[in-house]
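Reader: I would like to know how the labels attached to this model were assigned. Please set each value against its criterion.

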Amino acid sequence: MFPDAFQTPRLLLRPLAPDDAQPIFDGYAQDPEVSRYLTWRPHTAIEQTRAYIEACMASSAIRTYALLRRDNGQLVGAFDLRQQSPTGLSYGYVLARQAWGSGLMTEVLRHAVDWALAQPSIWRIGSVCDVENGASARVMEKAGLVREGVLRRWLVCPNLGDEPRDCVSYARVR
Ligand SMILES: CC(C)(COP(=O)(O)OP(=O)(O)OC[C@H]1O[C@@H](n2cnc3c(N)ncnc32)[C@H](O)[C@@H]1OP(=O)(O)O)[C@@H](O)C(=O)NCCC(=O)NCCS
C-alpha cells in the first residue's frame with residue numbers, strides 16, 4: 001500500500017536499495033551521535049549496513065525509503081513507514097549529522113502524515129521517541145503531531161543501557 005516514491009521540496013524518497021550500503025555506512029551508520037536514541041549500535045563494518053538493508057527490503061510490513069537531496073542526489077538519511085494496525089501507521093527516521101538542523105526531517109514527516117491521513121483506510125499515524133530525544137520530539141511537534149503522553153519503560157536503546165526507557169508518544173488522527 002505504500003507509495004514507490006515521495007517527493008518533498010528538497011528531498012526525493014525512494015525505496016532503499018543494496019547500493020545504498022556505502023553511502024549509509026560512510027554518511028551516518030558509524031556515528032554514535034546518530035544512533036544514540038535508536039535501537040541499533042553504530043556499525044563497525046559495512047556488512048552490518050548491508051544486512052540492515054537486506055532486512056529492510058525483505059519486510060512487507062515496513063517500507064524503508066532512502067532520503068536523497070534533490071539538488072545533488074546525496075543520500076542523507078532514511079525514513080520508514082510501518083503498518084501498525086489495519087487502520088494505523090507508524091514511522092521511523094534518521095538523518096546524517098551534517099544534514100541536521102535545516103528542517104529536512106520535519107519536511108519529510110509533514111509530507112508522510114498528509115499522505116497517510118489522505119488514505120481512506122488510515123485513521124492514525126504516530127510514533128514514539130525517547131524522553132531525552134528533544135530534536136525528534138520537536139520534529140513531530142513541528143509536523144503537527146500531538147503529544148499523547150509518556151509510555152513508561154517502552155523501548156531499549158542499547159547505546160544508553162540494557163533497561164527499557166520511557167518514551168513520548170505522538171500521533172495525528174482524523
Ligand atoms: C531527529 C532528527 C531526525 C531531526 O532531524 P532535523 O532535520 O535536524 O530536524 P529539523 O531541523 O526539522 O528540526 C529539529 C528541531 O529540533 C530542535 N532541536 C535540536 N536539538 C534539540 C534538543 N537537543 N532538544 C530540543 N530540541 C532540539 C531544533 O532546534 C529544531 O527545532 P526548531 O526548528 O524549532 O529550532 C535528527 O536529529 C536525527 O537524525 N537524529 C538521530 C536519529 C534519531 O534520533 N531519530 C529519531 C528516533 S525517534
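Author: What follows takes the ligand shell, then the strands behind it. This is a predicted model, in which local features need pLDDT of at least 70, side-chain atom pairs count only at pLDDT 80 or more, and totals for chains, interfaces and linings use all residues. Residues are numbered from 1 along each chain as its sequence is written, and side-chain values use heavy atoms, with hydrogens and water left out.

Reader: What makes a residue part of the group that surrounds the ligand, and which are the closest?

Author: A residue is near a molecule if one of its heavy atoms lies within 4 Å of it. The ligand is surrounded by 21 residues, with Gly101, Gly103, Thr106, Arg138 and Lys142 the closest. By class there are 12 nonpolar, seven polar and two charged residues in this shell. Nonpolar here means Ala, Val, Leu, Ile, Met, Phe, Trp, Tyr, Cys and Pro, charged means Asp, Glu, Lys and Arg, and the others, Gly among them, are polar.

Reader: Which elements supply at least two residues of the shell, and which gives the most?

Author: Strand 5 (88-95), helix 4 (104-117), strand 6 (124-130) and helix 5 (134-142) each supply at least two. Helix 5 gives the most, with six residues. Helices (H or I, at least four residues) and strands (E, at least two) are DSSP runs, numbered from the N terminus.

Reader: Why is Ser127 called buried?

Author: Buried means under 20% relative accessible area, exposed over 50%, partly exposed in between (1.4 Å probe, protein chains only). Ser127 has a relative accessible area of 12%, so it is buried. Ser127 lies in strand 6, and a polar atom of its side chain is 3.0 Å from the backbone oxygen of Tyr91.

Reader: What makes strand 5 mostly covered?

Author: Eight of the eight residues of strand 5 are buried. Gly88, Ser90, Gly92 and Val94 are on one side, and Leu89, Tyr91, Tyr93 and Leu95 on the other. In a regular strand the side chains alternate between the two faces of the sheet.

Reader: How do you know that strand 5 pairs with strand 4 and with strand 6?

Author: Two strands pair if DSSP finds at least two bridges between them. Strand 4 (residues 75-85) and strand 5 are antiparallel over eight bridges, and strand 5 and strand 6 are parallel over two bridges, so both pairs meet the criterion.

How values were computed. Polar contact = N/O pair within 3.5 Å; in protein donor to acceptor, adjacent residues only side chain to side chain.
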